[in-house]
Amino acid sequence: MSTTFERVAGPYKGITGGLAWNGKEMLFSAVQEERILRFHPASGTVDNFRRWTGRTNGIAMAADGSVFGAQEGGRHVIHFMRDGSTAPTCDLIDGKHHNQPTDLIVDTKGRVWFTDPYNPTPPYGPPVFPFLDHASVLRLERDERRAWKLRRVTFDTRAPRALLLSADEKTLYVADGEPAKEGPRELRAYPIEADGSVGRHAVLHAFSPGQRGIEGLCLDSGGNIVACGGWKRAGAEPFLYVFAPFGAVLESHVPPADLPMRCAFGGPDLSELYFTTGAGELYRARIGRKGYQRSA
Amino acid sequence: MYEVDMRAPGSERIIGDNPPLDVIKEGIIFGEGPVWDKRRKSFFFVDIIGDTIWKWQPGVGAEVVLKPSAHANGMTLDHEGRLVVAGWGGRTVFRFEKDGSLKTLAARYEGRKLNSPNDIVVHSSGSIYFTDPPGGLFNVGHTGDDLQRYLEIQGVYRLSPDGSEMTLVTADFVYPNGLCFSPDEKLLYINCSRERLIRVYDVQPDGSVKNGRVFFQYSGPERGNPDGMKCDVEGNVYCTGPGGIWVHDPSGKVLARLRIPHHPTNFAFGDDDWRSLYVTQLGWVMRTRLNIPGVASW
């Protein structure tokens, strides 16, 4: 099957970021416009899902149809409720405000895993709270009174940008590394232990110096890892890779837009791969794969 | 002591060189909401992030009035001496009743939740004016239990003296913050933290305003934005801005800048002679002295 790409929405001001398929429509963040938009495939139209999102980037559906958002501007994960309100979660870990969350995923237990890197755009409000001395994957989970609490998951990341859980939720995939800085940019696989902590990671793929690395991750129906990222700078190309769970590159595509940001499957039987871009667009691709449907 | 710069001739009448600077309270995170209570000879302020309303008395010290406070922000007193509070994270305007209970005065406009009431002032008619920017919905550590914005505008509102009516005063602002009346109440000053300016309006007999015009436009790289703002009895306008607290004459001309260290957020005139200036800051509350009194709070 030949691979096709089409731009279906945008450009919007600034980047477009996180995506979430709600079964009928593709939600995606226009981060700087502080909106979450909703693309209707049947009509090809776009409307607002939420406004005034405080630079929310990553979004993820919860089992009840509500949506969690990684609010970069407000330094917390927020919960877009079905009644239109927006609830806070917990933004303190060991009494300290965490950094600026950017990507997240909800697991079958209802826990919210998110990457918490530093961000070049400062958060809202006077700078009262310093950033953490680490940039890690954190996890929100409910305590016995259903109050949110935060737990640190990774202890060896430098700039976690995107994350993904395997279908059996026994492996955490993390794209780590900051393109503007020296140091590795890697796709890592962490075994998830029974107690919810993670063990030593394996490097599934390492990008050369000067490359941008991975910005977005999603899972196909066979458990393979779809990754988007890269840039045209320095003669490199933007990419869509499909990695086997052990790291082999099964296929790669060069999308027609630079700076792919995040990706998610949607459409009939999750047969369409959507991705966002640094130029604020929404693209749809058919690569002959279907997405994995996580039953929450 | 601290430096006073940008002096215009005659500014010594307002503030001398080497003015005093006393620490009133330390160990807070985000001071705001300053108001002097002439009846109780007490100074009230809030710690937004510390989620507390504080009372401080000379010679006694500070005690907690309300905690948690739904991240309360601006405060003032009404004609009966009741504390009236811009509820910020809690998205209401509320009042401390004589029996100690809290009464919500405003929570919605045209059926939609307010953004996050920031600062507040009471007119001699008994009307309450307050600003409603959205910062309490996203500033780190300021937010309450609903972070969703619903209103299209960043309004300034007026509550009628009996509390039965709430009307929009102006929607001219990107981020309306501090507000105060001139001593004769013919003018209402409102500032904008985002556009870094003060606008002034003519107050009409019915409490509405008209003829808004820019009173002063701040600029420059120094830290600090228009936030707290008050008038003295001669009609000079004091406003936090880049690098400190700016003093303007009634035409807008800069008379002086009080380079109070750290990060002043707001201030209030106080003490029996209304010549003390209580300044809330990130981390502290401090007090300095001026040579002429400020407009008294109710």
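In the hairpin formed by S26(B) and S27(B), two residues lie between the strands, and B:Gly283 adopts a positive phi near 105 degrees. The structure described here is a predicted model. The pairing of S26(B) with strand S27 (residues 284-289) of chain B is antiparallel and runs over five bridges. Within this pair, B:Thr280 has B:Val285 of S27(B) as its bridge partner. S26(B) also pairs with strand S25 (residues 264-270) of chain B, again in the antiparallel sense, over six bridges. Here B:Pro264 is the bridge partner of B:Gln281 in S26(B). The hairpin of S25(B) and S26(B) has five residues between its strands, and B:Asp271 takes a positive phi near 70 degrees.

Strand S26 of chain B, covering residues 276-281, is mostly covered, with six of its six residues buried. The side chains are divided between two directions: B:Ser276, B:Tyr278 and B:Thr280 point one way from S26(B), whereas B:Leu277, B:Val279 and B:Gln281 point the other way, and all are buried. B:Tyr278 is also listed with B:Val84, B:Val93, B:Ile128, B:Leu179, B:Tyr189 and B:Ile198 as the residues with the most contacts inside the largest nonpolar core, which has 82 residues. For B:Ile198, the contacts beyond four places in sequence are B:Tyr189, B:Asn191, B:Phe215, B:Phe216, B:Pro226, B:Met229, B:Val237 and B:Cys239.

At the level of the whole chain, chain B contains zero helices and 27 strands. Its radius of gyration is 17 Å, close to the 19 Å given by the globule rule for 298 residues, so chain B is as compact as a globular protein of that length. The C-alpha trace of chain B spans about 50 × 45 × 35 Å along its principal axes. Of the 298 residues in chain B, 53% are buried. Among contacts in chain B that link residues at least 6 apart in sequence, 47% join residues at least 24 apart.

A further position in chain B illustrates burial within a strand. B:Phe44 belongs to strand S4 (residues 42-47) of chain B. With 25 other C-beta atoms within 10 Å, B:Phe44 is buried, because the threshold for burial is 20 or more such atoms. Not counting residues up to four places away in sequence, B:Phe44 touches B:Val35, B:Asp37, B:Ile53, B:Trp54, B:Lys55, B:Met75 and B:Leu83. B:Gly59 is 15 residues from B:Phe44 along the chain, and the C-alpha atoms of the two are separated by 15 Å.

Two open sheets were examined in chain A. One consists of four strands in the order S1-S26-S25-S24, with antiparallel pairing. Strand S1 (4-9) and strand S24 (260-266) of chain A stand at its edges, each with a single partner strand, so one side of each is left without a neighbour in the sheet. From one strand to the next, the twist averages 25 degrees. Within this sheet, strand S25 (residues 272-277) of chain A and strand S26 (residues 282-286) of chain A run antiparallel and are joined by four bridges. A:Thr276 lies opposite A:Leu282 in S26(A).

The other sheet of chain A has four strands in the order S20-S21-S22-S23, and its pairing is likewise antiparallel. Its edge strands are strand S20 (214-219) and strand S23 (249-253) of chain A, each of which pairs on one side only. The average twist from one strand to the next is 20 degrees. Strand S21 (residues 225-229) of chain A is joined to strand S22 (residues 239-243) of chain A by five bridges, and the two run antiparallel. In S22(A), A:Leu240 is the bridge partner of A:Cys228.

The two chains also meet: 18 residues of chain A are in contact with 18 residues of chain B. On the side of chain A that touches chain B, strand S9 (residues 86-88) of chain A gives the most, with three residues. By class, that side of chain A has nine nonpolar, eight polar and one charged residues.

Definitions and conventions: Residues are numbered from 1 along each chain as its sequence is written. Chains are lettered from A and ligands numbered from 1 in the order in which they are written. This is a predicted model: local features need pLDDT of at least 70, side-chain atom pairs count only at pLDDT 80 or more; totals for chains, interfaces and linings use all residues. Two residues are in contact if their C-beta atoms, placed from the backbone, lie within 7 Å. Ala, Val, Leu, Ile, Met, Phe, Trp, Tyr, Cys and Pro count as nonpolar, Asp, Glu, Lys and Arg as charged, and the others, Gly among them, as polar. Two strands pair if DSSP finds at least two bridges between them. Axes are lines fitted to C-alpha atoms, for helices over the stretch in contact, and angles run from 0 to 180 degrees between N-to-C directions. A nonpolar core is a set of buried Ala, Val, Leu, Ile, Met, Phe, Trp, Tyr and Cys residues joined through C-beta atoms within 7 Å. A residue is buried if 20 or more other C-beta atoms lie within 10 Å of its own, exposed if 12 or fewer, and partly exposed in between; C-beta atoms are placed from the backbone. The radius of gyration is taken over C-alpha atoms; the globule rule is 2.2 Å times the number of residues to the power 0.38.
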